[in-house]
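Student: Could we go through a structure together, feature by feature, with the general idea given before the particular case?

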Amino acid sequence: MRDALLLTPGPLTTSLTTKTAMLRDWGSWDADFNAMTARVCRRLVSLIDGEGEYTCVPLQGSGTFAVEAAIGTLVPREGKLLVLANGAYGHRMARLTAVMGRDVEVLDVGETSPVDPARVDAALRADKRITHVGVIHCETSTGILNPLSDVARVVNTHRRRLIVDAMSSFGALAISAREIDFDAVIASANKCLEGVPGMGFVLARQSSLMQAEGRAHSLSLDLHDQWCYLERTGQWRFTPPTHVVAALAQALDQFDAEGGQPARLARYQANCHALQEGLRAMGLQPFLPERWQAPIIVTVHAPAHPAWDFGDFYRRTKARGVVLYPGKLTTVETFRVGCIGAIDSSDIDAALDAMRRSLADMGIPA
Ligand SMILES: *Cc1c(COP(=O)(O)O)cnc(C)c1O
């Protein structure tokens with residue numbers, strides 16, 4: 001039987017080839033495994049056109065571990081981070097910065113609009129102590145796309161450093177170091193690259209990483225130490241997630257075979273389009289206006305009907321092979337449907353059918 005379709009922000013549906021790549025055990029000292037790590041890292045750097053200037057530091061753990069490592073290593077202890085927040089992931093970045101004892105300020109624009117570069121400009125003008133700015137490329141809690149290149153331009157004009165959480169966009173939306181000035185881009189294996197969960201990575205400007213020795217608040221999240229060890233030995237510091245690296249190597253080969261970032265974006269856009277059309281045909285309204293919607297995950301207003309209950313809806317669609325995701329908004333009742341993963345618009349059609357039948361079973365007209 002086929003696994004349920006995961007229409008979530010990750011972990012996602014992966015291809016059989018990617019899953020099969022995990023059937024081998026690797027030793028962490030093994031030269032073939034180390035060559036695989038090196039190949040994956042090179043490929044990830046090339047995805048941002050970062051050859052020569054940027055380096056890839058892979059890290060064990062989920063994406064948040066990599067965000068925490070990047071901030072704890074790149075922002076000096078006496079530095080200050082301005083977080084541009086319009087949802088849960090922005091607030092998480094601020095919280096983890098505060099937890100490690102770094103100075104942090106949040107520029108909160110609410111959860112219904114993109115970050116406003118003019119307000120970033122004003123904030124940087126007003127506070128010279130801000131050394132770094134953190135931004136979420138696609139704020140996965142709503143699916144909103146933030147204007148990364150405009151934000152980068154403002155940050156660069158003020159000669160501050162930019163740290164980008166591109167977790168849910170990396171691989172699908174283009175980010176080029178030739179066009180955007182940033183110190184670090186953070187992502188993980190298990191979103192648009194369609195690998196499995198267990199590792200994140202930071203694509204960091206080498207000159208910035210070099211200055212970061214001894215800054216980290218944590219040993220296991222010290223990106224500088226992780227990088228130096230990898231450079232010196234070719235090995236991961238501490239036990240590597242070997243199966244996850246093997247799956248990512250395979251997933252990257254499929255990414256290339258598909259046609260790279262433009263092809264992946266096109267497939268996700270087609271998924272997103274089919275999803276939005278199908279939802280509207282059911283009388284369900286997407287939460288975001290089209291122009292702010294990233295083709296990653298769609299937030300949908302819950303039906304205004306007394307029989308609506310997300311838990312019930314979830315169980316019914318899951319029984320039909322489709323896993324959805326709850327909303328993450330504080331003010332309105334919503335749920336979310338992902339468009340990413342090893343799925344295409346025929347899977348979206350199947351998911352729409354499962355949603356339609358589930359609503360009908362619940363007595364909600366669709
Ligand atoms: C998925 C995600 C993360 C990381 O979440 P984990 O649960 O730690 O993998 C961070 N930021 C964004 C924008 C994300 O979508």
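Student: Let us begin with His137: is it buried or exposed?

Tutor: His137 has a relative accessibility of 6% and therefore counts as buried, the cut-off for that class being under 20%. Please keep in mind throughout that this is a predicted model. As to its setting, His137 sits in the loop between β5 (132–136) and β6 (138–139), and its C-alpha atom is 20 Å from that of Val57, a residue 80 positions away in sequence.

Student: Which residue carries a modified-residue feature in UniProt, and where does it lie?

Tutor: An unreviewed UniProt entry places the feature "modified residue: N6-(pyridoxal phosphate)lysine" at Lys191, though such annotations may be inferred rather than shown by experiment. In the model, Lys191 belongs to the loop between β9 (184–188) and β10 (199–205), and because its relative accessibility is 10%, Lys191 counts as buried. UniProt also places the feature "domain: Aminotransferase class V", again from an unreviewed entry, at residues 46–287; over that range the chain is 42% helix and 19% strand, with 35 Å between the end C-alpha atoms.

Student: How should I read a pocket, and what is the volume of the largest pocket here?

Tutor: The general idea is that rolling a probe the size of a water molecule over the atoms shows where empty space is left. In this structure the largest pocket has a volume of about 340 Å³. It is lined by 24 residues, and those closest to its centre are Thr64, Tyr89, Arg92, Met167 and Lys191. The elements that contribute two or more residues to this lining are α3 (63–74) and α4 (88–99), with α4 giving the most, namely four residues. By class, the lining of the largest pocket divides into eleven nonpolar, eight polar and five charged residues.

Student: What lines the second largest pocket?

Tutor: The second largest pocket, with a volume of about 300 Å³, is lined by 17 residues, of which Ala38, Cys41, Arg42, Thr55 and Glu231 lie nearest its centre. At least two lining residues come from each of α2 (31–47), β2 (54–60) and α8 (223–233), and α2 gives the most, with seven. The lining of the second largest pocket is made up of seven nonpolar, seven polar and three charged residues.

Student: How many disulfides does the structure hold?

Tutor: The test is a distance between two cysteine sulfur atoms, which must be within 2.5 Å, and the structure holds zero disulfides. Cys192 is in none, since the nearest cysteine sulfur, that of Cys138, is 8.0 Å away. For Cys272, the closest cysteine sulfur is in Cys339 at 3.9 Å, which is too far for a bond. Cys192 counts as buried because its relative accessibility is 1%, and Cys272 is likewise buried, at 4%.

Student: Where does Asp347 lie, and is it buried or exposed?

Tutor: Asp347 is part of helix α12 (residues 345–361) and is buried, with a relative accessible area of 11%. Thr233, in helix α8, is partly exposed, with a relative accessible area of 32%.

Methods: Residues numbered from 1 in each chain as written. Predicted model: local features only at pLDDT ≥ 70, side-chain atom pairs only at ≥ 80, totals over all residues. Heavy atoms only, no water. 1 Å grid on protein atoms, 1.4 Å probe; cavity = no way out; pocket = protein on both sides within 12 Å on 5 of 7 lines; lining within 4 Å. Points joined across faces, edges and corners; volume = space filled by probe spheres on them. Nonpolar A, V, L, I, M, F, W, Y, C, P; charged D, E, K, R; others polar. Buried < 20%, exposed > 50% of the residue type's maximum accessible area, 1.4 Å probe, protein only.
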